[in-house]
Amino acid sequence: MAEILLDVRGLTHRYAMTSSRSVTALDGVSFQIRHGEIFGLVGQSGSGKSTAARCIMNLLRPTGGDLHYKGVDLLDPKQRRENRRMLQTTRQLIFQDSASSLNPRMTLADIITEPMVINSVKPPRGSMRAEAEFQAAKVGLSPSCLDRRPPELSGGQRQRAAIARALCMEPELLIADEPVASLDVSVQAQILNLFRHFQTEHGFSLLFIAHDLSAVHWLCDRVGVLFHGLLVESAPTTELFENPLHPCTRALLSSVPLPDPRRERQRRLERFDTDTLPAAETLREVSPEHFVLKED
Amino acid sequence: MTADKFVPAAPRPICDAPPPVPPRRHGLFLPAALLGIIVLGCLCCELFIPRDPTYMDLRFCNVPPCRDFPFGTDSMGRDIFSMIWYGGRVSLLIGFAAAAVSTLAAVVLGSLAGLAPPQPETLLLRANEIVMSVPNLLLVVLIQSVLGKPRAMGIALVLGLTGWMSMARVVRTEVRQLRQSEFVLASQCMGGGFFHVLRRHLAPNFLPSITYMAVMNVRAAIAAESTLSFMGLGLPPEVISWGSMLSLAESALTGHQWWIILIPGFFLLVTLLCLTALGNAAHGGVSRRHSNL
Amino acid sequence: MRHNALLLTKKLIIFLAGLLALSMAVFCVSRMAPGDALISYYGERAEKMSPDERSAAEARLGLDRPLHVQYVRWLSGAARGDFGISFMYKTDVLSLIRSRLGNTLILGGSGFALIFFLAPLLGILCTRLEGRWPDRLICRLGAVSGCIPEFWLSLLLIALFSVTLRLLPGSGAYCVGKSGELADRLEHLVLPLTVVVLSHLWYYTYLVRSRLLGEVRQDYVLLAKSKGLTPRRILFRHCLRNIMPSYLSLMAISIPHILGGTYIVESVFSYPGLGTLSYESARYKDYNLLMLLCVLSGASVMLCSSLAQAVSRRIDPRMRDGTPVSGEARNDG
């Protein structure tokens, strides 16, 4: 078994609304990502998926818990400073909305090579322009796009550019925060293929955040299910889809539409009420690698 | 234009910041040319003005426009045609210098307020509100009495010091909006330091509105100088500027000497109009999307 | 309820602290500025006084004490409602202001009301006919009238209507001995009011127009149209309603701006209002008058910005929990 790349333990984050009120977005979430693994994080909207991604990228300071990446404590400013360059180059994030995560006033070529400029990496293919062309070709963008600006491109093209930007540093951990949520289905499939292709080619680890279970089923090795900030179940993908144990997971799975109309008609939506969630629960391993939140 | 051909498929086109559509360029030639002529004429006025603008020839007081005096003379017997070009230099200088001071102050303080944590920010805003609550005219009089004798640079400084507040607020809002936008976050993720983010992301995005406001500051300063001089708070009539030329206007009213009022005012107005047109062009028009109505 | 009371107390404390800071700043700056306050009291005579007479006069007016003592004295007087006397007019400051306040309120208030109703109307007209000639005409006219310096516009109007055509009076608020006659007052009001409205209207119209133009490009307008609503209904019921919070709060912030921003107009038309008064007080160092005017205008600005917050909080539910609005929308001087 490969060694652990990212270790998340008891991650908790609260957003302070006013001085007296706060919203708990993450409540003691723990999971591990191994080298070369695709870990999916699913859940309804508002379940804390993006918050988790932002905590891991140090964009947010979690209220509690531990984060270790390649043995570096991500919450310790001193260690972070010492490994600053390593952290910057080997962790990359892809945002959900490519329209706002790409600067509307930069050309694609500048956008794609921005991380190399920041970290003053010498482009392996001679000039920055050649590098941008190479990366663009890899994600399937024509060189003519490179002189355009994000608003002139389609959503799929923009998301490809965002991927190219993340990949040009050859990261070890790629965090994709709902990268396909704002795209239409055919483009979604292309982008997912792209992820799969690059993952086998480069062997990076991928934290894939989505609310679309079929994408996760197709792409991921292991899946964690978030519900209202709690990690209710985590298991290898096939295990989870065949044997969902937590009612929340079952409800989520039952919501996936089936392509076969006859079976689709028989599909029954399972309901899951927040109130049925017992207060005190711990994550238990029921079978190898399959963890479920259960009552004590 | 390519923007019309490639309609983005994303749900919302980019952020609320100024739309990335290039500003409309047509109709810009006339104001630019007029302003160019006025500025150039004022700068090299020694080459073509017929008389010494400061010389008071008491034989020719209040002469209406004629062949000798194309714009007439004022009540002190000075040639208005020469004064216009000579005085325009002072007016324009005050305008640009004051705008430079206020733009600098606004950008520095506005960015500070935009980047500061909430507590100091509220304090800055409160202070700004209090300063803004004093009528501008009082501020000008107060600062001017501290600085002493009215001189062109002193007035520029006064106008600059009183004109930065509202612009600082706009800068602050823009900086805050941009700071929270995802592409800045993304750049920070990649390890972009403060100066990288400022140079590559913040500056290009707020430069258009800064340019717009800077041009508007020039406009406001020129107008304010003329107002102050007219009210007797700015430059005295001996120091020639468009404003101080107009300070003779009230006595000209009763004497029906229309040229003393109309001609400097006309030059002032044309300059202000040209500046407005240029400023609006820098700001960029409304987005080209079609109205849904 | 308790929460509300707490909030109100907090606001009140902030308000008072702001006023205190303002009065202190004005006090220090005005007294440190060079120039002779005695001139405003004794006029030309002050320059011919002997040193002994001078110090006696200063002692009489309380100008010989250290700065902080003078300030504390002013403050304790102010707390009792005694703001001192005007050096220049030699009367009680408060009654002096009261006598002028009405005139300013008439001019500024009617100007404000006109702008308040005309701006949305013109803005709607522009939006409705976007790109057609009335819209372009209004924009052009607005750009020109917004550029004309107020004093020059006043001069032009006076030259045209009162000097050449002799139609309307060009100075004062009323003819001597006719202060009670409405027709006479109205006649005197026409020209200054025109200047006030013309120089401010453009800004607000343009704001309404650009907000509305942004609004009609939203998708909900398409939805409303597909439901079969008429353009007019969409514009009034939906778009206008969406921009109202920002418009109303902007107008609330602008109250002191328009009310008090009539100095130039007042002084060109020699209109006896607060504008001319504050201009004179600053010019001739009439300390007590200057202080009260500054504190008054500061108070009105702060009150109006609180009003703006309250208004937008009342209309726009999003503002209730979020950050309060402030005068960001206002971006010209």
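Tutor: We take the chains in turn.

This is a predicted model, in which local features need pLDDT of at least 70, side-chain atom pairs count only at pLDDT 80 or more, and totals for chains, interfaces and linings use all residues. Residues are numbered from 1 along each chain as its sequence is written, with chains lettered from A and ligands numbered from 1 in the order in which they are written.

Student: What is the strand order of the open sheet in chain A?

Tutor: Strands are DSSP runs of E, at least two residues, numbered from the N terminus. Two strands pair if DSSP finds at least two bridges between them. The edge strands of chain A, β2 (22-34) and β5 (72-73), each pair on one side only. Pairing is antiparallel, and the order of the four strands is β2-β1-β4-β5.

Student: Which residue of β4(A) stands opposite Leu6(A)?

Tutor: Strands β1 (residues 4-16) and β4 (residues 64-69) of chain A pair antiparallel over five bridges. Opposite Leu6(A) stands Tyr69(A).

Student: How many helices does chain B have?

Tutor: Helices are DSSP runs of H or I, at least four residues. Chain B has zero strands. Its helix count is twelve.

Student: What share of the residues of chain B count as buried?

Tutor: Buried means 20 or more other C-beta atoms within 10 Å of a residue's own, with C-beta atoms placed from the backbone. Chain B has 293 residues. The buried share is 47%.

Technical notes
Buried ≥ 20, exposed ≤ 12 C-beta atoms within 10 Å, placed from the backbone.
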